[in-house]
Amino acid sequence: MPDELVNVRYMVDDVEDAVDFYTAHFGFTVRTSAAPAFADVVRGNLRLLLSGPTSSAGRPMPDGRTPQPGGWNRIHFIVDDITVEVERLRRAGVTFRNEIVSGPGGRQIVLDDPAGNPIELFQPAGA
């Protein structure tokens, strides 16, 4: 369905920092905010749920593990010019995990949001 949102939850350390990051650098708009516990931001059909340590999603699991930010699963943004995007984000002080790498499908790089959640920028081959 064209109007259906795809929902992705990211655990974050600071909801307000995460909202500022995604709205300033990637064009998201705030849908709702219950900061400091939770906020959700939207870009196109992507709804990113930003859950802080005091949110219901941050509660410990029955085995005692606590949901944490980070890891390697990530949202993936397709860009027209990866070099321009990386330069723009570096000027803004964004932290990258690697340098741009090339493969048969295109070029990619991984960066971190303020909580350490990864984001991949990808420029398809031939773009």
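**The open sheet**

In what order do the 4 strands of the open sheet stand? The order is 1-4-3-2, and the pairing is mixed; strands here are DSSP runs of E with at least two residues, helices are runs of H or I with at least four residues, and both are numbered from the N terminus, while two strands pair if DSSP finds at least two bridges between them. Because strand 1 (6-11) and strand 2 (29-34) stand at the edges with a single partner strand each, one side of each is left without a neighbour in the sheet. From one strand to the next, the twist averages 20 degrees.

This is a predicted model, in which local features need pLDDT of at least 70 and side-chain atom pairs count only at pLDDT 80 or more, whereas totals for chains, interfaces and linings use all residues. Residues are numbered from 1 along each chain as its sequence is written, and side-chain values use heavy atoms, with hydrogens and water left out.

**Strand 1, strand 4 and helix 1**

Strand 1 pairs with strand 4 (residues 46-51) in the parallel sense over 6 bridges, and M11 stands opposite S51 in strand 4. Helix 1 (residues 15-26) packs on the sheet, touching strand 1, strand 2, strand 3 (38-43) and strand 4, where contact means heavy atoms within 4.5 Å.

**The largest nonpolar core**

The largest nonpolar core has 27 residues, of which Y22, F26, L50, L111 and L121 touch the most other members; such a core is a set of buried (under 20% relative accessible area, 1.4 Å probe, protein chains only) Ala, Val, Leu, Ile, Met, Phe, Trp, Tyr and Cys residues joined through side-chain atoms within 4.5 Å. Helix 1 gives the most to this core, with 6 residues.

Conventions: Axes are lines fitted to C-alpha atoms, for helices over the stretch in contact, and angles run from 0 to 180 degrees between N-to-C directions. Buried means under 20% relative accessible area, exposed over 50%, partly exposed in between (1.4 Å probe, protein chains only).
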